[in-house]
Structures are given as C-alpha cells and as structure tokens.
Amino acid sequence: MLLTVKDIGNLAPDIWQITLSGDFPYETVRPGQFIMIRIGSGKEHILRRPISIAAVTEESLTIVLRVVGKGTKWLSERRIGEWLDVLGPLGRGFPNPPRDAKVLIVGGGLGVPPLYLLGEILKTETDKVDIVLGFRSQRDCILTDDFSRLGRLVVTTDDGSFGMKGNVIDAVDSLRSSGCRWEYVYACGPLPMLRHLKGYFSDQNVNGYVSLEERMACGVGACHGCVCPSEDRSLARRICVNGPVFPWNEVSL
Amino acid sequence: MSHPDLTVEIAGLYLRNPVIPASGCFGFGREYAQFYPLNQLGAVAVKATTLKPRIGNPTPRVTEVCGGMLNAIGLANPGVDYIVRYELPWLANQDVPIIVNVAGETKSEYVEVVKRVCASGLAAAIELNVSCPNVAAGGMTFGIDPDILRDLVAAVKEVCTVPLFVKLSPNVTDIREIALASQAGGADGLTLINTLMGMQIDIYRRRPVLANKTGGLSGPAIKPVAVRMVYEVAKVVDIPIIGMGGIFSGEDAVEFIMAGASAVMVGTANFTNPLACPQIIGEIKEFMRKQGIRNLGEIRGCIG
C-alpha cells in the first residue's frame, strides 16, 4: 500500500522519525510489529527494509530508523508529501500481560522505539511499569521524554553523559536491589543486551519477551533469510513471521 | 482481436500461463496466498526438499547488492516426509500444479526423495536441484561435471513418475555441456539459471557480509547472463526450457521466451513486490495484445 510522508524529523545523529498516513489497517497494529518499505522504484535497491512501528494512531503510524546504509539513507531523505510503498503490518508483536501485572520494559539504542507503542498500551492497563532505556551517550538518547510519561523511567548511558552511568543491566540490577520485582519483562535492543538480560533473569520466575532483528528479504516467511535458532537449536525460527517478538525461552540468543 | 492465449505445454505439463514462482522464493505457497489466489499462476515451484530436515546456514543469510541480492540460505527445509505430509496437500488444494525441487548430498538421497515425492501423488513435476551454491556437500557439485550429472539424472529418472526437470548452474565454463548431459541422462526439461556465486565485503568490519562468506546472486543484475544462457542452451537441446534470472516484468519474461524458453520462473521479484507474478502475467498478456501475438509459440525462440 502507498502511504504519504506526513512528517519527518531528525531525533539524534543518524536517527530519523517518519510519520506516515494513508490507507492502512492501523487498528490491527500490535506493538512490536513492523513494516517492509520499498526503497525507490525497487529496481536498484530490490529488497524492502524492515522497520518497526514505534507508534500508531487511527490515521497514521510512526517509525524510527537509523541510517546504516544506502536504503535507510534514502528513507531519511524523504520529504513531506512524498509516498512510500509499504507492506504490513507484519510479524508477531508483544502479547498483553494480565491486567495489573508488574512489568519491566528494557530498550537499548534503536531497540527503544519499537517498545513505545507497548508502553502506551500498558499505561492504560497498569500503573506498575518500570522502564529502563540504555544509550551510548547523551547525543544518542531518543524518546526519553515520551517514555517518561509512560511509567517510572531510568535512562542509562555508557559514558554517563545522561542519566545513570552504565548499561541497562546495571540499572535493572539496582532497581531489583531496591526491591522491584516484575512478572513480565519486554525487551528490544542489541543481541548482547538481550542475551545478558535473559541470563540475568534465568533463575527468576518471569515471563520474558524479546524482539529480534535480522537482515530480511521477503518479510513474509517465504525465503527463510531471517532466522534464529530455537532454544534447543533444533529448529530455525523465522523472525519475520514467528517473531520478531519471541518468548525468550523459545530462542537461543 | 481475441484474447491472447497464454497457455503452454511443457514436457507434458499443461499450464494456464508461463509464469511460475521460483523455488526458494515462494516457500510452500502459503505465505503468498494472502496476496492473491495461487490458481492465477502457471505452477508453483516449492522450496528445496531434502531427505532429512536441514536448519540451513548461520545468519546473515541475505544481503542486497546493486540491482540484486546475495543469499546463502543453505537449503533449509523440514525434510521430505514433513513436506509431503503437511505442505504439499495444502498447496495441492489451491488448484495449481506443483513443481517439487529436490536436493541431496548423495545420489541415493536424491533417488529416495524423488521416490517419496512421486509416491505422494501431489507433484506435477520434479525439479532436480544440482546447482545450489551454498551447501558443503552435494548441491552444485552434481551440476558442474557432465558425467556425474548424466549418471545422477539417469538414476533419478528411473524412479521418477512425473516430468523431470534439471535446474542448471550458471557457475560453469560451458552450460551447454551440462544441458546436454542432463538431456542424455533422460531429463524431460531444463530450468535455468540458478544463482551466480558472489560475495560482498563489509569494508568497515573487514569481513564478508554473509556468514557463509559467499552466496548466490539473483535479481535484475543477472538477467543478461541468464538470457544468454537460455539462448545458448535452446540452440543445442531438444527438450523444453524454463528460463529464469532477474525477471521483474512481463517484458523481461518475453525476452526469455524469445531466447527459447517455454515458460519462466520468477524469484527475487516476489520479495520486492509480493504481487510480482500476477503483474507479470498481466504484462505478458498486454504485450501479446499490443503486438498481435495470439500464442506464445509464435515468439518462442524467435531469436535466430
């Protein structure tokens, strides 16, 4: 489907936020789902780029992307009023926790935006949301004001230039030391972060969910390009259709 | 003028049109049934099937290059028994002929998989995959030596109860030799070309982008190579050819047909545009209407 660029702006170095409007099944979007966007005519750049949906309204959706190559560079150069060829919403998103469950949201870097819609939904259903967001440095921090409205927020930076110095595991550990306990943990970010988080909670009774990313070709489960091994490594799980959100005990990180 | 006739007969298969999604690019059909009814297609070539389940290569398995992509999936599939039991019956209900792509590491493995696929009664044809560039054993090794290939095709042909196509690798010095060896072994038809071996390097990390280091190049970038190879092979064999390699439009498909192909397969284009196959069918029809072509036989192999 063709969506129009309603707004585009720079959030941090190399990080852009684009809001799209037009005919799209916004009401069906689950937090954690993604869209595949065609780059130009699709003749030079033949693979669509998978980008997570950060926020959605009744008439628009917002994505946040980092310029990492030619495709994302092209996306960052779009102007208001131009249209994009979009496929979606795709994939399995985050499941809702039971009402009033104690929830922890953990995001790292560009893994932060896909958690925003989840946070918005949880805010209406529970007031017991703790949020930990980690970035490299103050200049990389994104959406911290938005998340601060959704629950108790702790921001960490590797260099200590903003918030707490350290990584998200340090912050989670200090919250835990101060007595916080959670039944559901939702995370998105770099693979080492997700791996450490899963390890950190391995001896505790929590339901953990992670959103994974991988280079994709089809985005609909046909090509088997974007796989991750199952927990026992006997199966390949397709991130685009079996995920991108998985219970962390179902996948080997 | 009356409607152009898109039907084709190829090695005893009657197809409503010449457009077939290529193996590996269309799963087992389910994934694309959400976009259009699969009975619009000439046939469906399903993902490669091996005797045992295969998990495939580590990721990254796919990457974009200019005008194309590299893949090194590594024949990931749930194995022939699962496929015959759970995948093919669903697809067979979609009223579209199924071409089952078969791969193996040994001759006896190929023979066994073909036996089991034929026994299911669900395959309209077999496509023998002797051209996968992304696996350590088997795969392309069967497709680059004429003597080994002729022997393999002959062994498979003995147990194959449906038309047998051999999918040729372009990663050879002279593809005509390989095509003739397949024909000599008893192939009923040929499909070409599989991907061209390629490589992409991440210069900032100083390592290959793909975990497998090398992968198969597909997409518009390979189309001229593919058209040339179909043209060369069509000149020397008597069996029909299904052409493929970077077909993204009806015009691309017509090039292959003029080079000598009876039908075409569409692979990578499905990723760019999930509606690629129906659109290509429409574009072929439109081209025929504008050019006053009544059936594809009028232009097949028209390039001298």
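**Domain arrangement and chain contact in the predicted model**

Chain A is divided by an automatic or database domain assignment into domain 1 (2-90) and domain 2 (103-211). The structure is a predicted model, in which local features need pLDDT of at least 70, side-chain atom pairs count only at pLDDT 80 or more, and totals for chains, interfaces and linings use all residues. Residues are numbered from 1 along each chain as its sequence is written, while chains are lettered from A and ligands numbered from 1 in the order in which they are written.

The centres of domain 1 and domain 2 of chain A, taken over C-alpha atoms, are separated by 24 Å. Their contact (C-beta atoms, placed from the backbone, within 7 Å) takes 13 residues from domain 1 of chain A and twelve residues from domain 2 of chain A. On the domain 1 side, at least two residues each are supplied by strand 1 (2-12), strand 4 (49-56) and strand 5 (60-66) of chain A; strand 4 of chain A gives the most, with five residues. Strands are DSSP runs (E, at least two residues) and helices likewise (H or I, at least four), numbered from the N terminus. This side of domain 1 of chain A has ten nonpolar, two polar and one charged residues. Ala, Val, Leu, Ile, Met, Phe, Trp, Tyr, Cys and Pro count as nonpolar, Asp, Glu, Lys and Arg as charged, and the others, Gly among them, as polar.

Between the chains, the contact takes 22 residues from chain A and 29 residues from chain B. The chain A side has eleven nonpolar, five polar and six charged residues.

Chain B contains nine helices and 16 strands.

How values were computed:
Two residues are in contact if their C-beta atoms, placed from the backbone, lie within 7 Å.
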